Amino acid sequence: MAQTSKATVVAGAGAFSKSGSNRHDVLEAVTLIVRHGETLFGAESGFVAWNTARAGRFELTVFDPARLDAEQLSDEPLQRSLPAPLRPLAKRATTSGRPAFSNGLEGRQAESTHSQRMRNALVAPILLREGEVAGLIGLINKPGGFSPVDRRLATALARLAAATMAINLDAAESRSSFVDDALREATAALTRSLDRETVLATLLDRLGHIVPYDRACVMLLEEARRVSVRAVFDGSHIQRLQPEARTELDLAEHPVVDHILNSGAPLVIPDLRERADWTLPTDPTIEVAWMGVPLFARGSVAGLFSLSKGEPGYFNDEHLKLAEAMSSQASVAVENAILYEQMRASTLRMQNLSRRLVDVQETERREIARELHDEAGQALVSLRFGLRLMEREVEEGANVRERVAELVKKTDLVIESLHRLAADLRPISLDHVGLDAALRQNAATVIPSSTTTVRYKARGLTGQRLPAEVETAVFRIAQEAMTNVARHADASNLDLLVEHLGDRIQVVIEDDGVGFDAGRGWDGDHIGLIGMRERAESLGGTFTIETAIGKGTTIVVEVPIGGSNPDC
């Protein structure tokens with residue numbers, strides 16, 4: 001005996017809902033069965049009702065009240081329920097699992113205009129596997145009324161309807177299994193590589209297994225307002241585009257793409273020819289229906305993939321759900337690939353930096369050795385020779401006052417040379433009086449005033465000491481930047497601004513020199529720039545540079561302050 005439990009209701013409704021795009025076909029087939037029943041029984045009308053998820057409530061799907069000279073059903077769900085005279089029959093049919101009929105409907109109190117025209121009715125349950133009631137078929141107003149013999153024919157009609165639904169259910173389950181397998185295989189394929197271009201090409205390849213398309217591409221954000229096309233399907237094969245072959249798009253010129261990236265929501269366009277705001281370069285002869293789905297990395301939109309077909313309105317809700325499921329799988333793989341590329345780039349950068357730092361250390365040691373030998377060493381040799389002369393003059397009773405003054409002068413030169421050498425290694429003022437004084441001193445000495453006008457300004461640093469690591473990093477960055485200007489910029493003016501902005505320090509170094517190609521500024525020959533950036537990032541700060549050949553250079557550094565200086 002069939003039981004209309006909540007689980008049965010869900011199963012019955014779920015079986016029908018799984019049909020997806022085939023639902024209309026199933027409904028038409030069952031309706032045709034009911035129409036044949038009307039002919040066989042000579043009934044005035046018939047209906048199809050599906051078991052919904054509202055605990056056994058049957059919702060009319062097919063019902064022609066015009067045949068009963070009644071009012072049309074409303075679109076409201078509560079108005080699509082079975083008319084009151086049919087509900088007892090529906091309950092008997094679902095409880096017993098057999099057709100039920102009544103020839104005395106016109107004597108019952110009417111709750112709607114439909115029941116006023118109903119004299120008799122027969123209701124048969126549509127039973128699926130294990131007695132699940134998926135719905136009902138019914139016949140209304142047979143001349144002379146229904147008899148027990150009519151139940152056999154009604155049972156045959158209901159079984160035919162059940163077989164139609166079962167075939168559809170099997171197809172839906174087969175499709176669901178295929179999609180699940182395709183998504184599992186796609187996940188395995190996407191996570192097999194950490195190369196971003198390989199991941200994007202794999203995405204297009206696997207996507208074609210579950211969502212058919214004629215053309216497709218993947219775009220990734222390169223900057224805040226620009227995207228580049230990284231992989232395409234051109235109708236014959238998938239291409240991973242090399243940097244020189246990638247098309248770059250300004251989002252301001254492509255509102256559809258801009259909308260997807262800003263909203264993080266997919267978009268389906270049934271017919272591109274009807275979109276006045278469509279600006280992407282597409283072929284209108286083979287790209288009519290279009291769908292764009294965002295990709296994510298670390299919680300933010302990282303790009304999108306788009307699919308197109310030549311048939312208007314091709315992409316439906318099922319296609320969209322499958323594309324979004326694939327996007328979820330691909331987003332994880334894209335994020336992993338991006339993180340891997342960043343880690344690899346950072347590792348290579350650190351390796352290059354380490355090699356260059358060794359070279360710099362050796363160069364500094366040679367410079368220190370040369371200065372000690374050529375200046376301090378020579379001065380000390382001269383001082384020793386002068387002392388011997390003075391010793392001889394004392395023995396001879398000569399006046400040594402002039403000799404002493406000369407030796408004192410030479411001693412002062414040695415002290416000055418050593419002081420300058422120590423200041424180049426680390427200025428004493430940085431430890432004793434702080435960042436402001438050290439930068440002011442460095443700005444006055446590092447660049448010859450005869451060639452470049454240096455303007456230094458500090459805000460918010462008066463009387464304040466910062467953490468030692470912050471002062472050291474900011475000083476070294478500014479020192480390196482000013483040294484680069486002195487050596488390479490050929491600038492007439494240099495401005496250095498250091499400002500205390502609440503919980504961070506901002507440094508701006510700007511010159512009007514010759515500038516350089518920013519695209520080549522991070523290779524191995526620009527160890528100074530790499531070192532400055534590494535110093536800023538090591539403290540959680542940022543380093544940005546704006547430059548072009550003949551346009552001067554502007555460097556902006558921001559470093560968080562953190563706690564107070566424990567040495568102060």
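Q: In which sense do strand S15 and strand S17 pair?
A: In this predicted model, S15 covers residues 504–511 and S17 covers residues 553–560. Ile505 sits opposite Val559 of S17. The two strands are joined over eight bridges, and the sense of the pairing is antiparallel.

Q: Which strands stand at the edges of the open sheet, each with a single partner strand?
A: Five strands make up this open sheet, with mixed pairing and the order S13-S14-S15-S17-S16. Each edge strand has a single partner, so one of its sides has no neighbour in the sheet. Those strands are S13 (453–459) and S16 (542–547).

Q: Which strands does helix H11 lie across?
A: Helix H10 (residues 435–445) lies across S13 and S14, at about 175 degrees to S13. H11 (residues 468–489) runs at about 5 degrees to S15. The strands that H11 lies across are S14, S15 and S17.

Q: How far does H11 reach from its first C-alpha to its last?
A: H11 has 22 residues, and at 1.5 Å a residue the expected span is 32 Å. The helix comes close to that. Its reach in the model is 30 Å.

Q: Which element gives the most to the lining of the largest cavity?
A: The whole structure has one cavity of 30 Å³ or more, and the largest holds about 40 Å³ of space. Its lining is seven nonpolar residues, one polar and no charged ones. S4, S5 and H4 each supply at least two lining residues. With three residues, the top contributor is S5.

Note on methods
Residues are numbered from 1 along each chain as its sequence is written. This is a predicted model: local features need pLDDT of at least 70, side-chain atom pairs count only at pLDDT 80 or more; totals for chains, interfaces and linings use all residues. Side-chain values use heavy atoms; hydrogens and water are left out. Two strands pair if DSSP finds at least two bridges between them. Helices (H or I, at least four residues) and strands (E, at least two) are DSSP runs, numbered from the N terminus. Contact means heavy atoms within 4.5 Å. Axes are lines fitted to C-alpha atoms, for helices over the stretch in contact, and angles run from 0 to 180 degrees between N-to-C directions. The expected span of a helix is 1.5 Å times one less than its number of residues. On a 1 Å grid over the protein atoms alone, a cavity is a set of points where a 1.4 Å probe fits but cannot get out, and a pocket is an open set with protein on both sides within 12 Å along at least five of seven lines; lining residues have an atom within 4 Å of a point. Grid points are joined across faces, edges and corners, and a volume is the space filled by probe spheres set on the points. Ala, Val, Leu, Ile, Met, Phe, Trp, Tyr, Cys and Pro count as nonpolar, Asp, Glu, Lys and Arg as charged, and the others, Gly among them, as polar.
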